[in-house]
Amino acid sequence: MCSKNLWYLLLSITASLLIMVPTAAAAQTTTPGLVRVKLVDQADSLGFTVSGHYQLVDQATGKLIVKLKPGERWLVTLQDGRVALVGEDGKNGLYKGPVSVQVQKHIFQASVLSGNGVQVDKDGAGELTVMNSDGKVLSLEQVLAGITFKGAEGMVTLGEGEVEGKSLNLLSLISNAGKTRYRGDLEFLVDGGKLTVINELNIEDYLCGVVPAEAIPSWPAEALKAQAVAARNYCLQKVEISRGDSYNLVCDQYNQVYGGYDAETEATNEAVKDTSGIVMMSQGSLITALFHSCSGGFTENSEDVWLNSLPYLKWKADPYDENDDFYNWQVKYSNKQLAALMTGAGYPIKKVTDIKVEDRTSSGARVKSLTVTGVDTAGKSVKIEIGNAEVVRTTLGLKSALFVLDKSYNKDKSLDGVEITGRGFGHGVGMSQYG
């Protein structure tokens with residue numbers, strides 16, 4: 001490996017041969033898609049460190065606060081409704097926010113000899129282009145990895161790891177939950193009198209932190225690829241409908257579980273790479289690529305589980321996902337527990353007198369609707385209809401709506417409780433991850 005100073009020298013030596021000042025026609029580059037993920041909400045204080053080349057920027061003014069030192073710990077708190085920053089060396093400041101920790105885009109210098117022989121120093125490769133052997137003009141940043149330079153020490157090739165520290169640029173966010181590393185940038189902002197943290201990064205890098213959290217990395221490669229494509233669809237749809245918002249997704253099961261760099265594995269990263277840019281579409285639009293953990297043997301029509309009927313989300317037998325974790329689970333509820341579940345779901349009941357399955361989904365497997373009768377808190381008789389399948393599942397606090405229900409009675413023939421035996425885990429629409 002060569003030192004950074006040698007790279008400066010090599011670039012200077014070869015610049016007059018390789019590098020040209022960019023023209024309007026040569027500046028056609030593709031900007032990678034970005035996604036903004038909310039990592040932490042309503043925090044009082046947080047910390048962070050960096051590995052690689054980062055800088056602190058006051059986004060309200062666009063001004064650089066400081067270039068960060070790798071390993072130096074910073075504390076972020078609130079003071080008088082502003083973002084307060086304190087470094088290990090005592091540096092501090094108050095900012096209206098947002099304040100962002102950004103990757104430094106330019107971390108080397110190139111000395112370029114222009115056509116009239118004047119030397120021009122450039123801080124980075126972003127504004128420079130090169131012509132390859134085919135006569136094609138490209139941004140220097142596009143082709144820097146793999147370029148071979150000839151200097152006093154012989155021929156040396158730049159590897160991807162040396163280009164802008166790509167293998168080194170990581171952020172560590174320190175919170176009550178522990179320390180987690182992330183790719184991309186971090187943004188600290190004030191929301192509701194508390195701190196919120198956003199991770200902004202390339203969509204493909206985001207997926208590298210999603211796939212291992214939503215699938216098991218030891219699964220076959222094709223299963224991991226399917227998960228990567230489904231996760232990419234979901235992400236792109238959320239980005240589209242949240243334009244203008246401060247973030248696109250949250251990092252937990254309410255969207256997709258996202259574990260950052262620390263969750264990444266070689267197998268799941270390869271799945272993301274092998275499917276890069278691949279999405280599923282219907283009639284020219286991205287589909288809603290829903291997935292769940294285990295189908296229990298059948299997936300479902302979307303309208304049986306929620307409300308909207310989608311032509312590509314139809315029920316299908318799924319004999320491939322049988323497993324020991326989510327098949328033949330059982331739950332027992334007493335009458336009192338049933339009443340508490342109903343009350344918690346917004347149906348205030350003091351006592352349940354009966355519970356009955358009314359309808360099943362198109363597959364015949366899941367409970368689409370059920371009726372609960374009982375006595376409310378005012379002592380009046382009530383009859384409550386619950387549906388569709390996902391409402392049934394969440395109301396009863398079950399892994400799946402694919403179940404059978406057995407009732408037990410007291411000596412006076414009043415309902416004592418229920419025993420529920422079921423299969424599957426999740427809503428049952430779209431792709432079964434185990435399947």
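**View 1. Helix 4 and the second largest pocket.** Helix 4 supplies four residues to the lining of the second largest pocket, the most of any element. This is a predicted model, where local features need pLDDT of at least 70 and side-chain atom pairs count only at pLDDT 80 or more, while totals for chains, interfaces and linings use all residues. Residues are numbered from 1 along each chain as its sequence is written, and side-chain values use heavy atoms, with hydrogens and water left out. The pocket's volume is about 620 Å³. Its lining has 22 residues, and Tyr-234, Gln-253, Tyr-254, Asn-255 and Phe-291 are the closest to the centre. Two elements give two or more residues each: helix 3 (203–214) and helix 4 (221–241). (A pocket is an open set of points on a 1 Å grid over the protein atoms alone, where a 1.4 Å probe fits, with protein on both sides within 12 Å along at least five of seven lines; lining residues have an atom within 4 Å of a point. Helices are DSSP runs of H or I, at least four residues, and strands are runs of E, at least two, numbered from the N terminus.)

**View 2. A cis peptide bond at Asn-388.** Gly-387 and Asn-388 are joined by a cis peptide bond, with omega about 0 degrees. Asn-388 sits in the loop between strand 29 (381–387) and helix 8 (389–395).

**View 3. Lys-413, a non-glycine with positive phi.** Its phi is about 70 degrees, though Lys-413 isn't a glycine. Look for Lys-413 in the loop between strand 30 (403–409) and strand 31 (415–423).

How values were computed. Points joined across faces, edges and corners; volume = space filled by probe spheres on them.
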